[in-house]
Amino acid sequence: MPIVLAPSFEVERVTERINVDIRNNGSDACVLRLAVGRETATSDPRFPPFTLTGPSGVVLVGDSAGAMSNPNASTQITIAGGAKISIPYEVSFGAGWDLQAGNYEQYLIFQLFEPDAPTELASHRTRLDLEIPAMARIRFAGASSAQGPAKIEMGDLSPVAPTSSPPFAIRVFSTSVYRMEFSSQNNGTLLRVGGSERIPYHLSVDGRPLNLNAASDGVDVTSHPGPAGSVHPLSIVIDPDPTRHAGTYNDRVTITVTPI
């Protein structure tokens with residue numbers, strides 16, 4: 001029976017319920033012990049840490065071969081003759097950016113024993129399917145974004161020396177490697193509000209100059225950023241030109257992060 005886990009990253013933990021149904025086909029009540037362990041030979045070793053909670057609390061899941069001898073991994077149950085009972089378990093794990101996109105499998109073996117006998121009476125194999133989607137988010141640092149898009153104020157431009165932006169950066173959270181794409185509404189120039197004059201500027205990410213004269217330019221990030229994300233410093237430089245027309249100039253740059 002596969003149990004599919006698919007984190008949304010809108011919650012701190014993802015939880016799924018497992019019900020283990022047991023029927024007593026005899027006429028007399030019986031006392032049994034239900035144990036659970038991991039089938040290590042077929043389970044993905046990259047499967048993220050998870051918590052299994054049963055009727056007796058959190059289960060320290062070990063190898064299925066040693067489940068019966070592990071008191072924490074088993075619970076005693078009593079079933080009346082001809083009756084069926086359902087034993088609830090919960091599987092949960094933290095949905096954080098430290099998870100890497102992909103499909104993972106983990107196999108749990110539920111085993112029935114007599115209370116004091118090591119002979120297995122019955123067992124059931126359950127597969128946990130974990131699907132981590134490829135997704136990403138951006139946060140700005142050093143840019144004003146109280147309302148609407150983040151803004152960088154260049155202030156008054158110097159007519160004799162280059163004008164540099166204040167320090168700012170983007171922090172990217174992603175479950176996989178990704179590409180950052182930059183596109184300029186005015187093809188790498190600041191356009192005067194109410195006019196047609198333009199001021200070219202240079203935008204760099206991680207020290208790499210971007211070509212905003214084209215439709216777009218980008219950077220491939222080939223390592224998983226981890227739980228804290230990856231910080232990418234940005235800078236804008238405007239060369240001096242004393243002949244420019246006074247006024248307010250602006251441009252809009254769209255940054256797109258695509259997991260790959």
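User: Which strand gives the most to the lining of the largest pocket?
Analyst: In this predicted model, the strands that each supply at least two residues of that lining are E10 (136–141), E19 (230–238), E20 (249–250) and E21 (253–259). The strand that gives the most supplies three residues, and that strand is E21.

User: What volume does the largest pocket have?
Analyst: The lining of this pocket is made up of 36 residues, and those that lie nearest its centre are Ile152, Leu190, Tyr249, Asn250 and Asp251. The space that belongs to the largest pocket has a volume of about 1,100 Å³.

User: How many nonpolar residues does the lining of the largest pocket have?
Analyst: When the lining of the largest pocket is sorted by class, seven residues are polar and seven are charged. The remaining class in that lining is the nonpolar one, and its count is 22.

User: How much space lies in the second largest pocket, and which residues are the closest to its centre?
Analyst: The second largest pocket holds about 200 Å³ of space. It is lined by 14 residues, and the closest to its centre are Val20, Asp21, Phe110, Ser123 and His124.

User: Where does the largest share of the lining of the second largest pocket come from?
Analyst: Strands E2 (13–23), E8 (102–113) and E9 (120–132) each supply at least two residues of this lining. By class, the lining of the second largest pocket has eight nonpolar, five polar and one charged residues. The largest share amounts to five residues, and the strand they come from is E2.

Conventions
Residues are numbered from 1 along each chain as its sequence is written. This is a predicted model: local features need pLDDT of at least 70, side-chain atom pairs count only at pLDDT 80 or more; totals for chains, interfaces and linings use all residues. Side-chain values use heavy atoms; hydrogens and water are left out. On a 1 Å grid over the protein atoms alone, a cavity is a set of points where a 1.4 Å probe fits but cannot get out, and a pocket is an open set with protein on both sides within 12 Å along at least five of seven lines; lining residues have an atom within 4 Å of a point. Grid points are joined across faces, edges and corners, and a volume is the space filled by probe spheres set on the points. Helices (H or I, at least four residues) and strands (E, at least two) are DSSP runs, numbered from the N terminus. Ala, Val, Leu, Ile, Met, Phe, Trp, Tyr, Cys and Pro count as nonpolar, Asp, Glu, Lys and Arg as charged, and the others, Gly among them, as polar.
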